[in-house]
Structures are given as C-alpha cells and as structure tokens.
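Subject: Structure handover and notes

Dear colleague,

I am passing on the structure we spoke about, and my notes on it follow below. Please read them with the model open beside you.

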Amino acid sequence: MKYDESSTDDDPVMYVEGKDIHGKSFTQKIHLNDVNAENATPAEMTALRVHLAQQGDKPVKAGSGIPLMALGSHQDVNTAMDFKQYYENWASNLEKAGLKQNAGIYMSELERYLFYHRTKKELVK
C-alpha cells in the first residue's frame with residue numbers, strides 16, 4: 001500500500017495491490033474519507049489503518065493490526081463487512097480470556113476508525 005499520485009491532504013487516496021484469498025491479483029484505489037468501518041472491505045480498513053498510523057495516530061499505532069491480519073485467511077479482501085461488530089466481538093473474546101488491556105487497545109483502535117469517518121463525513125457536508 002502506498003499513497004496514490006492523486007492523493008491530497010483533503011482527499012487521501014491509497015493505492016492497494018495484492019492477491020485475494022483465491023490467489024487472484026487485484027489493484028484498487030481507496031478514497032480513505034469514504035471508508036466506513038460499519039461497511040468496509042478488509043482492503044479498505046487496512047488502507048485506513050496504514051494511513052492513520054502514518055499520520056501518527058497513537059491508538060492505531062499501538063494496535064498491532066492483528067484483527068485485520070486474522071481475516072486474511074478466510075475473508076475476501078473486496079467483500080464488505082461490519083468491522084465495528086467484528087472488533088467488538090474480538091475485544092469481547094479477549095476480555096473473556098482475561099486480556100482486558102489488549103481488548104481496550106483494539107477498542108481504542110476501532111474508535112479511531114469510527115471517529116475518522118465521522119469527522120471526514122462532517123467536513124464534506
């Protein structure tokens with residue numbers, strides 16, 4: 001993943017290339033301001049994570065990205081899902097396992113994704 005040549009501060013765009021779970025190559029331009037964690041693809045969420053980490057977002061940098069990486073073996077990179085629910089379930093399982101601090105880290109990461117979308121959506125209005 002890298003910033004696309006069309007990317008600007010107001011409209012950050014990531015260029016993504018890779019292989020899906022079937023080994024098929026794909027390329028995609030992702031406008032990060034349009035990524036909604038409640039209906040996003042793994043490729044979109046990973047691009048948003050990379051962007052926020054590069055922007056110095058501490059909660060995102062503190063997270064390891066494990067929830068996103070865990071999807072790689074069973075979720076198509078271009079199929080949308082509800083990441084809010086996914087992260088909440090992930091954190092709940094960590095809490096049940098006695099890993100409350102880790103659960104908190106992932107919930108903070110999720111909040112940053114949700115906050116980014118809300119604030120960018122407000123700026124576009």
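Which helix supplies the largest share of the lining of the largest pocket? Please keep in mind throughout that this is a predicted model. The answer is helix 1, which contributes five residues to that lining. Helix 1, spanning residues 42-54, and helix 3, spanning 66-70, each supply at least two of the lining residues. The pocket itself has a volume of about 240 Å³, and 16 residues line it, with Met-1, Pro-42, Thr-46, Leu-68 and Met-69 lying nearest its centre. Sorted by class, the lining is made up of 10 nonpolar residues, five polar ones and one that is charged.

Aromatic rings

Searching the whole structure gives five aromatic pairs. One of them joins Phe-83 and Tyr-86 in an edge-to-face arrangement, with 6.0 Å from centre to centre and 85° between the planes. Both of these residues belong to helix 4 (residues 83-96), where they sit three residues apart, or about one turn of the helix. Phe-83 has a relative accessible area of 0% and is therefore buried, and Tyr-86, at 15%, also counts as buried because the cut-off is under 20%.

A further pair is formed by Tyr-87 and Tyr-113, whose ring centres are 6.0 Å apart and whose planes meet at 80°, so that this pair is edge-to-face as well. Here the link runs between distant parts of the chain, since Tyr-87 is in helix 4 whereas Tyr-113 is in helix 5 (residues 100-124), 26 residues apart. Tyr-87 is buried at 0% relative accessibility, and Tyr-113 is buried with a relative accessible area of 0%. Taken together, ring pairs connect Phe-83, Tyr-86, Tyr-87, Trp-90, Tyr-106 and Tyr-113 into a cluster.

His-117 is buried, with a relative accessible area of 15%, and a polar atom of its side chain lies 3.0 Å from the backbone oxygen of Val-35. When neighbours within four places in sequence are set aside, the residues in contact with His-117 are Asn-33, Asp-34, Val-35 and Asn-36.

Glu-109 is likewise found in helix 5. Is this charged side chain's residue buried or exposed? With a relative accessible area of 0%, Glu-109 is buried, because buried means under 20%. Not counting residues up to four places away in sequence, Glu-109 touches Arg-49, Pro-59, Val-60, Gly-63, Ser-64, Gly-65 and Tyr-87; Tyr-87 is the residue whose ring pairs with that of Tyr-113.

Gly-56 is partly exposed, with a relative accessible area of 34%. Along the chain, Gly-56 and Glu-109 are 53 residues apart, and their C-alpha atoms are separated by 13 Å.

With best wishes

Notes
Residues are numbered from 1 along each chain as its sequence is written. This is a predicted model: local features need pLDDT of at least 70, side-chain atom pairs count only at pLDDT 80 or more; totals for chains, interfaces and linings use all residues. Side-chain values use heavy atoms; hydrogens and water are left out. Rings of Phe, Tyr and Trp (its six-membered ring) pair if their centres lie within 6.5 Å; planes under 30 degrees apart count as stacked, over 60 as edge-to-face and the rest as tilted. Helices (H or I, at least four residues) and strands (E, at least two) are DSSP runs, numbered from the N terminus. Buried means under 20% relative accessible area, exposed over 50%, partly exposed in between (1.4 Å probe, protein chains only). On a 1 Å grid over the protein atoms alone, a cavity is a set of points where a 1.4 Å probe fits but cannot get out, and a pocket is an open set with protein on both sides within 12 Å along at least five of seven lines; lining residues have an atom within 4 Å of a point. Grid points are joined across faces, edges and corners, and a volume is the space filled by probe spheres set on the points. Ala, Val, Leu, Ile, Met, Phe, Trp, Tyr, Cys and Pro count as nonpolar, Asp, Glu, Lys and Arg as charged, and the others, Gly among them, as polar. A polar contact is a pair of N or O atoms within 3.5 Å; within protein, one must be able to donate a hydrogen and the other to accept it, and residues adjacent in sequence count only if both atoms are side-chain atoms. Contact means heavy atoms within 4.5 Å.
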